[in-house]
Amino acid sequence: MIYLLLVLTFRIASGLETYNERLDIKTLEKGRVHAKFTFLTSKDIIDNDFILFPRVLDQLVEKYNVHRFVLTMQQGRWRREWNEPPQPASPIGAQLLVYFKTKNATEAEKNFSSLVEAANGLFCTSLSSLTVTAVSPELPVLEKKSFELTTRYGIVSKETTCTENLSQLRKLLPCKSSGLSVFLHPSKLYDSLFHSLSVSINSSCEEIKCRRSIEFELSVVFKTPADGWLLSRLFDSQFSEKCSVAESSKVTVSHDPISDKVKPSGKELEKGVYEYDFSVWTKGADLEVETPSFKNSSIVQSAGIRIWSTLGGLSQHSGELRISVKNLGKAGNNVVISQIVPYFVRVHYNSLMVKCRSASSRVREKVFKASKAPKSSLLIQYNLEIDETDTCILHIPLEKSLLRINDYTPDANHGMYIPGAIATFLQIKNDLNGGYAVHSNAVLVALPVPDFSMPFNVICFVATTLAVCFSPIHTFSTLWISPDIPKSVMVKKIYRGCLLMLLALSLYAHFNNSNLHDLRRFISAYLQKLNELK
Amino acid sequence: MAIRLFLPKGTTKGPAFLDKILRLRKTLYPLLIMASLYYAKIVLSPENMELTRVSEHALMPGLVTSRFDRPGLTMQLANDLKKLNGSKTQQKFVCDFFRELGVNCHEQKWSVDLPSEKLEGRNAYAWVRAPRATGVEAMLVAVRLGSSDSRIAALSHVLSFASYANEQVYWARDIVFVFVDGASKMEAIVGFDAFLSSYHLVKNPAVAADPLHEDGGFLIAATVYEMAPKQKDAKKCVLSAKLNGINGQQPNLDLFNSAVRIMNREHHSCDMQIYGISSNRGLRESSRWLLPIRALYTQAFVSDEGLHSVMGKYGLQGLTIGLAHSFNPTQAAQFMEAMARTLNNALERLHQSYFMYILGDDSHFSSIGFYIPIIILLIVPLLIKAYYEWTEMGGFELPPHVPVAHVFGAALFLWSRWCLENFKSRAALASIPNFPYFDFVDASRRTENVIFEFDMSLVITLVFIVPWGTFMRRMGKVSSDGAASLRMFIVLEAALVLGALSLLNFGLAFSVAVLAVPTFLLATKRSTQSSENLVRGLPLVLCHPLFLASVFLSVVRPLFYKNTKPFDVDTIPELTSQMLREHVLLGSHGFALFALFAVPLSNLCFTVATINCSGLVKADRKLSEEEMESKNVVAKTTE
């Protein structure tokens, strides 16, 4: 009876809250399968009842005046042969993008630092060492959306994602052990080639009615046998029961319609894409895809852009960061390149340069967002128009700083990370829907490192210098006029004689290869002989 | 009873021990040099050296179990490479192999287009990406292309290891495989230098190289693989290690220690050859001194030891490992796997262990703290000499000879570079019609009106060998203080140059100091006899740095290497040419040191050795007479 009442209440409430789950599986290349989970929960904020939508996230949004919150964590690299990376694009490590409703920069700054700590607690991350920058409203970063709001963006290149992050995420899902979340098996998901996790929270209000949505996305690239894969083996778990609160629970499988065999067949959305409704899926049933003759050449390259960063130079003092952008012509010509430059390297604006191979490629706009804070970062943005198949290179000469000893990380000789650049498309061609961004690789800067034992050396040197200096100064300052009384010549002769004897003895011992042990043995033998005589 | 008067604030003289040193200086000079050599004998004895240890604990060399299990692939690759027979290039073969593995592979063209040097080649390179890593770091594996049996063996080992490495997911950093093209060793080094310069986005003005198609992370370390020298006994397991880079740079000792640890764990009976000498003292018949002396020799004079030689320029820690011929394919690849997995463990740049060391054998080394007193003891006579001159002079005067000699040296340096960049091996002096002028041209470009044709390196050598210092003494009158200042300047500069050089290239500093210190002491000796000065000037001609270096190489080299050419007149221009070539192509500092310091100092020695003959003797005599008189006056007044 109580159960029925609960379900009834739940049903009523869920009219205001919706939950959808989806899993897209696609073969990227031979033996490489990409699985993308999407869990979307929405709620109209008209009361304080939270059944599907996590209350804690609502409080987070409310308290820090957040309009949009995007957190991503990624381990491994998305290879360019795999076409477009999952969106929102994520760099290796973690990134956080927050739009605040306030226009007051100081308040946003304060809210952001508190929000980072809150997010650390909520998602079990360690984002405190974010390389943060303020984003100007003129040009967007990461996504095409642009608001007249105060925006903060930060990256941690070294942060790794682990099972703790996934566990925290699962706790925020309405169905933790049913529906598609049964496939969130940590041991399998983290034994993969690529792993990306993102949380996007949106808060929009129209007059008095506000709506919040939270989207969890998880992208994984598995290493599978070359001839195919089985759903249960892919995730090391079997589908048990449907999520009863889910509005929809869909699985799509993209395959090569000519060579691949998919069992059972699903609803064909388009050629080579089957859709399965897992809300009616039989418990224990499996999905099998055979790819016996899959060829890597059958992959159609459709990535819009290729971007990569390289750090050049040999000097401990300076270097050059080169960001190369190649337009592959699939996404458009207008692209914004954003590069965060952390505080430990210095950039002179007049030395920045963009070189393109084609004469018609050009710089449309550039924005430099310098920060006044000593340890915050500079944001360099270039709005480029790049011809199809053309390559542009952004040259950023850098000066490496010698930091204070406390500013170095414990593994100072590992180097410090400069986050990768972000290429964001402004005008997307019809074949690519929504926003599209790509991250370049991060680079490691080998900063000049002080001798960490320097204080010890300084003490030694200073003490030695003082001792050496003190002796003559003391002698000279205490001299007086005195008669020069000659010392006993005999004592000097005896002293010199002793020294000569010692020297002769040492030479004798050296050339006879004898040592102190021999001498000791000889003396003890001699004494023993004397005793025997008695 | 005598009464000695002291000033209230001390004496007017210097410290008593320094006065004593000055009094005993003539005895101290040979004593210190002998003490230095004796100390070198003690310190460089492997018994007195420190035991090697892996300072970076994270490396954990030899603690992993290698799992490579594709010997068949290695043998198949070796057969395929042997069967190529020009059907396709080795570069294409390598790239096809990598593409089949799903790894991007590219070719890089490089060339040297100097009149005297025409080189070109095509490197092949492939990136095995660490799928789960950040990609900010990489390690490099290099091997030379070639059709000889040993080259093919090394190539097939590296390729089969690459195929195995590509399937592992545990890599913390990418592996860059470079297949270096070059018929001769020098060509291959230039080719590898071209790759590294493109990787680090720097330009070598002498070498043109294509940019790379892949983004590379910070290179943590590199290993070059080749096959070790063949042994008479085919079953004898001998690996080899080469460490010396240009300008005396050596890789971090942890890298070498790791290789030795891996060898000792997996292959107990194997022996590691260092500098071509067996490091196992039980097996070695040669003297125990041979290995450390050869370490010094190769550090000083062998710039082109192998591909690893140019890595130091880029701050890259690398060495060449020669795999044993007795290794089967599994053992060879497992050794490479163990090395790669060791470097995969590194958390930071290799910095914990020593960069400056002398190896006694594979388990003993002497660190800089122990061997630097050798050079200090050699330098001290020069410093005593400088102090003596300082105390003897009335006031410091910088004679014009010093800047002139150095500017002249710099001019000769630039001129030599210009010659190499603009002339082939032979130059000609040609007359220009209707003009009473001559033209200095490349012999191959002009055949008309050639008056005289000569070898370019011989001309450069002759220009350097002329004792310009003897002419410089006529630049103006030099006072007694000026001569003393000049002497002090020469010995002080020599001491500073040798001291600084010892921190970069100890082998070179030691080799130079052993010969140069007595030469400088001889050249700067005070004398009032004209005949003595003339006699002193004569051996200075024989003590010219170029001549000394040639004789030294001719005498010392046969001690280490068989079939070396004995010393003859051609050795000197060949040495000049080699130094200049290594400077322009590889960035060796040897020629710059020679032209900017050795030659000016040598010329100044000529000047100072002959300067007393030009009227200074009289001035000195006059001065000494005046001094004697003043001393007599002082003695009388005290009485």
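How many Å separate the centres of domain 1 of chain A and domain 2 of chain A, taken over C-alpha atoms? I looked this up in a predicted model. The answer is 26 Å.

**Entry: domains of chain A**

I noted the bounds before going on. The domain assignment puts domain 1 at 17–294 and domain 2 at 305–445 of chain A. I then checked the contact between them. On the domain 1 side, 24 residues take part, and they meet 27 residues of domain 2 of chain A. Strand S5 (residues 131–135) of chain A gives the largest share of the domain 1 side, with five residues. I sorted that side by class: twelve residues are nonpolar, six polar and six charged.

**Entry: annotated segments of chain A**

I turned to the UniProt record. Its unreviewed entry annotates residues 456–482 and 494–511 of chain A as "transmembrane region". I looked at residues 494–511 of chain A in the model. That stretch is 100% helix and 0% strand. Its end C-alpha atoms lie 26 Å apart.

**Entry: a helix pair in chain B**

I picked H10 (residues 368–392) and H15 (residues 506–523) of chain B. Their axes come within 10 Å and cross at roughly 25°. Angles under 35 degrees count as roughly parallel, so H10(B) is roughly parallel to H15(B). The crossing is left-handed.

I listed the contact residues next. H10(B) contributes B:Tyr371, B:Ile374, B:Ile375, B:Leu378, B:Pro381, B:Leu382 and B:Lys385. H15(B) contributes B:Phe506, B:Ala509, B:Phe510, B:Ala513, B:Val517, B:Phe520 and B:Leu521. By class I have 13 nonpolar residues, no polar ones and one charged residue in this contact.

Note on methods: Residues are numbered from 1 along each chain as its sequence is written. Chains are lettered from A and ligands numbered from 1 in the order in which they are written. This is a predicted model: local features need pLDDT of at least 70, side-chain atom pairs count only at pLDDT 80 or more; totals for chains, interfaces and linings use all residues. UniProt positions are given in the numbering used here, feature names are shortened, and annotations may be inferred rather than shown by experiment. Helices (H or I, at least four residues) and strands (E, at least two) are DSSP runs, numbered from the N terminus. Axes are lines fitted to C-alpha atoms, for helices over the stretch in contact, and angles run from 0 to 180 degrees between N-to-C directions. Angles under 35 degrees count as roughly parallel, over 145 as roughly antiparallel, 65 to 115 as roughly perpendicular and the rest as oblique. A crossing is left-handed if the near helix is turned anticlockwise from the far one by less than a right angle, and right-handed if clockwise. Two residues are in contact if their C-beta atoms, placed from the backbone, lie within 7 Å. Ala, Val, Leu, Ile, Met, Phe, Trp, Tyr, Cys and Pro count as nonpolar, Asp, Glu, Lys and Arg as charged, and the others, Gly among them, as polar. Domain bounds come from an automatic or database domain assignment.
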